[in-house]
Amino acid sequence: MFENLKIRNRLGKAFRIIVTTCSIAAVLGVVMLIVTMTLYKNALNNYGFSQGDIGKMMIKFADTRSYLRASIGYQDENLVNSCVENYEKKKESCQQYTKEVKNTVSSSDEEKIYSSITEKLTEYYEICDAVLEKGKNTQDIDARHEAQQMAQDQVAPVYEEIYQDMVKLMDANTEHGDRLEKILTIVELITLIVIIAVIVLAIFVARRIGRVLAQNIVNPLDQLGARFDTFAKGDLSSEFPEMTSEDEISEMVVVAREMAKNLATVIQDVNHRMDLMAHNDYTGVSKIPEKYMGEFAAMNDAIHVMNMDMNET
């Protein structure tokens, strides 16, 4: 993965891998957060708020019966008129909340219960309006008695059926809400596990890449350092370590190997010329003058001048 890259490129690639891995964790976290927020929003709209609407519908529905009974039971005409007015208001409110509940019905069983409620409500309010019309006149005692009997025989049974359906609708809505709550809990748990897993993976990848990079850089440097140590002590013939990578360290090894070769060649040439001089032969010249570069050129010139001086003597 990194052998044929320069050290700078290795570090850059390793950084990109780690950042990418961490970014995956961040993206997963954001995506799962959006999903969870969407589910929570749907839960509030379809179950949290709807349960409140169902509860308000049930309260207004119960209020209509209370004001109907008061309208045909009280004797004071002003009080009866007030109850009749409140009955109409509560009926209108109940019908309004019933329409709002329809927007939050989200399952087939809820839809079935809701349809039953709306059908019965139409019949219920027709009976209630007839009872109210018959019994709101405080002067007509017989009609009021008849209205009270109608309320007992006709209104009460329908009221109980509708109220029980409303209770069923509330229970069904609550059940679905509880089910969604469990799903949300599972989603949150899965999200947490996935994010933790990706973070752990990112840490593992980072440590693994760091270890590999360290080995790829430190080990060759250690080998090269050991060879330079023997080189400094005069060992010019031992081989330099072979590098499998193509980075700056391998380039240093190539340069060091060439330097050792050139230095060994120069020393061999100098030894040969010194050996000739030791045997009173001052005619020796360098066979590799091109190797005497830099400060080595002065040494070559000095040996040459020495030979010339001895020849003149």
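Angles under 35 degrees between axes count as roughly parallel, those over 145 as roughly antiparallel, 65 to 115 as roughly perpendicular and the rest as oblique. The structure described here is a predicted model, in which local features need pLDDT of at least 70 and side-chain atom pairs count only at pLDDT 80 or more, whereas totals for chains, interfaces and linings use all residues. Residues are numbered from 1 along each chain as its sequence is written, and side-chain values use heavy atoms, with hydrogens and water left out. Helices (H or I, at least four residues) and strands (E, at least two) are DSSP runs numbered from the N terminus.

**Packing of α2 and α3**

- Helix α2 (residues 77-102) packs against helix α3 (residues 108-135) at an angle of about 165 degrees, and their axes are 11 Å apart; axes are lines fitted to C-alpha atoms, for helices over the stretch in contact, with angles running from 0 to 180 degrees between N-to-C directions.
- The two helices α2 and α3 are therefore roughly antiparallel to each other.
- The crossing of α2 and α3 is left-handed, a term that applies if the near helix is turned anticlockwise from the far one by less than a right angle, with right-handed used if the turn is clockwise.
- Residues making the contact (heavy atoms within 4.5 Å) include Val84, Tyr87, Cys94 and Lys102 on the α2 side, and Glu111, Leu121, Cys128 and Leu132 on the α3 side.
- By class, nine nonpolar, three polar and six charged residues make up the contact of α2 with α3, where Ala, Val, Leu, Ile, Met, Phe, Trp, Tyr, Cys and Pro count as nonpolar, Asp, Glu, Lys and Arg as charged, and the others, Gly among them, as polar.

**Packing of α4 and α5**

- The axes of α4 and α5 cross at roughly 15 degrees and come within 11 Å, which makes α4 roughly parallel to α5.
- The crossing of α4 and α5 is left-handed, and the contact is made by residues including Asn216, Ile217, Pro220 and Phe231 of α4, together with Ile249, Met252, Ala256 and Leu263 of α5.
- By class, the contact of α4 with α5 has 13 nonpolar residues, one polar residue and no charged residues.

**Cysteines**

- The structure holds zero disulfides, a disulfide being a pair of cysteine sulfur atoms within 2.5 Å.
- Cys83 is in no disulfide, and the nearest cysteine sulfur, that of Cys128, is 14 Å away.
- For Cys128, the closest cysteine sulfur is in Cys94, at 10 Å, which is too far for a bond.
- Both cysteines count as buried (under 20% relative accessible area, with exposed meaning over 50% and partly exposed in between, for a 1.4 Å probe and protein chains only): Cys83 has 6% relative accessibility, and Cys128 has 0%.

- Arg65 is found in helix α1 (residues 7-73) and is buried, with a relative accessible area of 18%.
- Leaving aside neighbours within four places in sequence, Arg65 is in contact with Tyr124, Ala156, Tyr159 and Glu160.
- Ile193, in helix α4 (residues 141-232), counts as exposed at 52% relative accessibility.
- Ile193 and Gln223 are 30 residues apart in sequence, and their C-alpha atoms are 44 Å apart in space.
- Ser250 lies in helix α5 (residues 248-278) and counts as buried at 11% relative accessibility.
- Leaving aside neighbours within four places in sequence, Ser250 is in contact with Met243 and Ser245.
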